[in-house]
Amino acid sequence: MRISTTSCLCPFLVCLCFIQRCYGASHHVPAKVPSKNQTKLANGETEVHHRPKRGWIWNQFFVLEEHMGPEAQYVGKLHSNSDKGDGSVRYILDGEGAGTIFIIDEVTGDIHATKSLDRERKAHYVLHAQALDRHTEEALEPKSEFIIKVQDINDNAPKFPDGPFVATVPEMSEVGTSVLQVTATDADDPTYGNSARIVYSILQGQPYFSVDPKTGIIRTALANMDREAREHYTVVIQAKDMAGQVGGLSGSTTINITLTDINDNPPKFPQKNYQLYVPESAQVGKPVGKIKANDEDLGINADIKYSIINSEGATMFSISMDRDTREGIISLKKPLNYERKKTYTLHIEGVNTHVDPRFSYLGSFKDTATLKITVGDVDEAPVFSIDHYIMDVYENAPGGTEVGAVTARDPDSRNSPVRYFLDSKEEVRNFRIDESSGVIRTTQPLDREDMSWHNITVMASEIDNPGLLSHVPVTVQVLDVNDNPPEIATDEEVIVCESSRPGQVIQTVTAVDKDDFANGQRFSFALPSQLPVNPNFTLKDNEDSTASIIARRRRFNHLTQELYELPIVVWDGGEPSLSGTSTLTLRVCPCQRHGRIRMCQGEAFLSSAGLSTGALIAILLCIVILLAIVVLFITLRRSKKEPLIISEEDIRENVVTYDDEGGGEEDTEAFDIIALRNPAAAEELKFRRDVRPDVRQRCGASRSCRSPSVELDEVDVHEFIKQRLVEADMDTSVPPYDSLQTYAYEGQGSPTGSISPLDSPGTQSEQDYNYLDDWGPEFQKLAELYGEADSDVTT
């Protein structure tokens with residue numbers, strides 16, 4: 001099949017069509033070459049069959065985009081070598097846009113585009129063509145693929161997808177400094193003509209900036225642009241396609257350019273001389289004044305470091321920069337005294353911290369000014385001799401004991417007398433101070449164990465001017481005396497295992513003393529001497545401030561006595577030595593061997609589960625209710641009786657559903673198999689099978705009794721079973737019933753005797769039963785039994 005395209009669009013398209021056809025005939029034409037089929041005849045000769053030449057002639061189609069004509073746009077023509085022009089060939093088309101965008105004349109093979117196409121949306125379409133026999137609908141040629149390309153026209157203007165732009169460039173930059181590169185995009189085909197060839201130009205922003213027409217790079221075009229004179233610039237860049245020729249489409253964008261600051265301006269003080277008044281009562285470390293040097297730069301370029309360059313001012317004052325206002329904050333380093341010095345002169349220097357060496361030709365980036373400070377006379381509060389007082393006093397000292405004294409004076413020239421008093425009522429409860437001398441005394445005995453340190457504040461004021469107050473902190477340490485007896489360190493119950501042996505350590509106890517380390521580091525322990533000897537427990541002093549409780553007997557039983565009380569006397573090592581008696585409660589509990597569990601089992605269970613008594617009762621009640629429901633459900637199921645046969649019609653080949661388990665071993669009324677052997681003697685031979693048969697009852701007083709087997713031998717059992725089998729086969733309404741037999745008689749026994757170890761003579765085993773301790777609490781009692789047996793044997 002040959003493809004023809006329109007050649008009346010323009011001379012360029014005519015040449016393109018000619019090239020397409022030549023190229024298609026030599027490369028892209030999958031033509032059917034004559035094939036030779038050889039058939040070997042019976043006589044050995046070969047018959048050659050020649051097939052006529054048929055095939056498709058292909059190439060690409062082109063169609064212009066944005067076609068706005070009234071008629072469908074002609075695309076091209078399909079033609080097959082099999083088409084003789086008699087209308088017997090029908091052309092069909094399928095693929096992308098077939099039937100909707102592209103239609104084909106079935107007779108001529110002409111292809112038309114019915115819609116206006118946009119190359120920017122879809123650049124090409126892949127379709128499949130086939131030639132069919134119109135009468136038989138058979139394919140004359142295989143289905144082949146071809147492409148229709150949409151030819152581009154200049155219908156899209158350049159665009160700046162990222163605009164508008166914001167850019168910065170340092171002030172005072174050299175000419176040609178790169179600022180920003182802008183890039184425009186054109187949706188047209190860059191491989192076809194000049195539709196996507198873009199040229200850049202500047203519409204606004206001259207003479208300050210320029211743009212490269214090919215790359216779109218914006219550069220500075222004017223030297224020495226000063227930010228302090230003008231900071232912001234607006235530049236408009238145009239992008240035009242068709243290489244900037246007349247008729248090309250264009251787009252524009254805006255670039256807002258800001259000049260960034262550099263340090264090209266030194267700091268300047270507005271004036272050279274300043275004056276400042278500071279009262280002598282000014283606090284040390286607090287600001288007393290400020291001074292500022294102006295800098296036209298911004299950011300770190302305007303940072304100024306202030307310093308006092310003369311020693312007179314640097315000794316008494318300091319200066320630092322405020323980051324927000326860039327002012328020099330002057331602070332006091334030492335207290336001022338009007339009576340000693342009334343004026344100070346400060347030489348202050350301001351220097352830029354970030355200097356640009358490119359502008360060193362402008363001079364040094366610093367400035368100086370002079371500040372004269374006048375000290376004002378102020379009536380000052382009294383001044384204490386030291387800033388903090390530390391005193392001590394023994395505990396339990398009687399009220400009125402002297403603790404220490406504080407001293408303050410009037411720093412003014414008048415030297416007014418000073419009055420002392422305490423700051424709060426809380427301090428007055430324990431201490432008092434003499435108003436004239438400043439001596440501090442206790443008001444009551446102090447207890448170190450209650451509070452070992454007291455912090456009080458003493459205030460002083462001039463008698464002539466009570467409004468001026470000064471404060472000083474006073475710390476009073478309460479020294480310790482041995483006034484507290486020692487006590488046993490634990491209040492918890494001591495656990496005693498039932499399996500404890502004489503001499504076994506039940507628990508080690510320690511003591512505590514409220515007194516300090518010096519008096520409470522050494523303890524001695526003993527049982528009370530005035531009490532009789534304890535038959536159950538004794539106490540051993542370990543001479544390391546601990547004591548061990550030791551069992552004196554064995555075999556404690558919590559059922560006989562669960563609680564024991566043991567009084568213990570403890571002495572400390574103080575001067576004088578004090579003693580105290582503490583009573584410990586010992587609880588007897590069943591424990592595992594070797595006493596590895598030192599907690600009662602009941603308590604251990606409750607503590608491990610973490611449940612209260614109410615919660616346990618609720619859980620048990622829920623379990624009982626669930627068990628009652630289960631029992632009720634089982635009872636109802638057993639009491640429910642269902643017929644043996646569901647219905648008379650539901651008998652399928654004598655298959656019967658049973659839901660009755662029988663009466664078990666106690667059911668003696670079940671069907672007996674003897675009835676099958678001898679129905680006449682069934683009643684006579686029936687006996688209970690769950691007990692041993694009594695032959696004497698069945699035979700009476702006569703010794704010559706015949707066994708049942710002998711009686712059965714006289715009956716024709718074979719005939720009887722055969723008769724019953726025929727009756728069962730003929731009767732379809734009576735199903736066979738099962739018979740449940742019980743066998744509860746074991747016989748006379750075995751001559752070998754019993755193999756039970758219960759009656760075997762006891763022998764002493766050497767086996768170690770310690771492994772029973774690892775089996776858990778379920779085997780605890782068994783472990784204790786074997787453990788006691790081992791201990792008895794050892795004893």
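Buried means under 20% relative accessible area, exposed means over 50%, and partly exposed lies in between (1.4 Å probe, protein chains only). By that scale Phe384 is buried, because its relative accessibility is 9%.

This is a predicted model, in which local features need pLDDT of at least 70 and side-chain atom pairs count only at pLDDT 80 or more, while totals for chains, interfaces and linings use all residues. Residues are numbered from 1 along each chain as its sequence is written, and side-chain values use heavy atoms, with hydrogens and water left out.

## Aromatic pairs

Rings of Phe, Tyr and Trp (its six-membered ring) pair if their centres lie within 6.5 Å; planes under 30 degrees apart are stacked, over 60 edge-to-face, and the rest tilted. The structure holds 11 such pairs. One of them joins Tyr208 and Tyr233. This pair is tilted, at 4.9 Å centre to centre and 55 degrees between the planes. It links distant parts of the chain, 25 residues apart: Tyr208 is in the loop between β13 (199-204) and β14 (209-211), and Tyr233 is in strand β16 (residues 232-240). Strands (E, at least two residues) and helices (H or I, at least four) are DSSP runs, numbered from the N terminus.

Tyr208 counts as partly exposed at 25% relative accessibility. Tyr233 counts as buried at 7%. Phe384 and Tyr420 also form a tilted pair, with ring centres 6.5 Å apart and planes at 50 degrees. Phe384 lies in strand β25 (residues 383-384) and Tyr420 in strand β29 (residues 418-422), so the pair ties together parts 36 residues apart in sequence. Tyr420 is buried, at 4% relative accessibility. Ring pairs also link Tyr208, Phe209 and Tyr233 into a cluster.

## Charges over rings

A charge sits over a ring if NZ of Lys or CZ of Arg is within 6 Å of the ring centre and within 35 degrees of the ring normal. Lys342 places its charged end over the ring of Tyr338, 4.7 Å from the centre. Lys341 lies over the face of Tyr344, at 5.2 Å from the ring centre. Tyr338 is in the loop between β22 and β23. At 25% relative accessibility, Tyr338 is partly exposed. Its C-alpha is 9.4 Å from that of Thr374, 36 residues away in sequence.

## The largest nonpolar core

A nonpolar core is a set of buried Ala, Val, Leu, Ile, Met, Phe, Trp, Tyr and Cys residues joined through side-chain atoms within 4.5 Å. The largest one has 25 residues. Phe317, Leu346 and Ile348 have the most contacts inside it. Elements giving two or more residues include β18 (273-279), β21 (317-321) and β23 (343-352). The largest share, four residues, comes from β24. In soluble globular proteins, nonpolar side chains tend to be buried together.

## Salt bridges

A salt bridge is a side-chain nitrogen of Lys or Arg within 4 Å of a carboxyl oxygen of Asp or Glu. The structure holds 19.

| Salt bridge | Closest N to O |
|---|---|
| Asp261 and Arg227 | 3.1 Å |
| Asp303 and Arg323 | 3.6 Å |

Asp261 lies in the loop between β17 (250-260) and β18, and Arg227 in the loop between β15 (217-220) and β16, so their bridge ties together parts 34 residues apart in sequence. Arg227 is buried at 9% relative accessible area, and Asp261 is buried at 15%. Glu228 is partly exposed at 25%.

Asp303 is in the loop between β19 and β20, and Arg323 in the loop between β21 and β22, 20 residues apart. Asp303 is buried at 9%, whereas Arg323 is exposed at 62%. Elsewhere, salt bridges link Arg90, Glu106 and Glu137 in a network.

## Around helix α12

Leu785 is in helix α12 (residues 780-794). Leu785 is partly exposed, at 48% relative accessibility. Gln780 is also in helix α12. Gln780 is buried at 9% relative accessibility. The C-alpha atoms of Gln780 and Pro590 are 9.3 Å apart, although 190 residues separate them along the chain.
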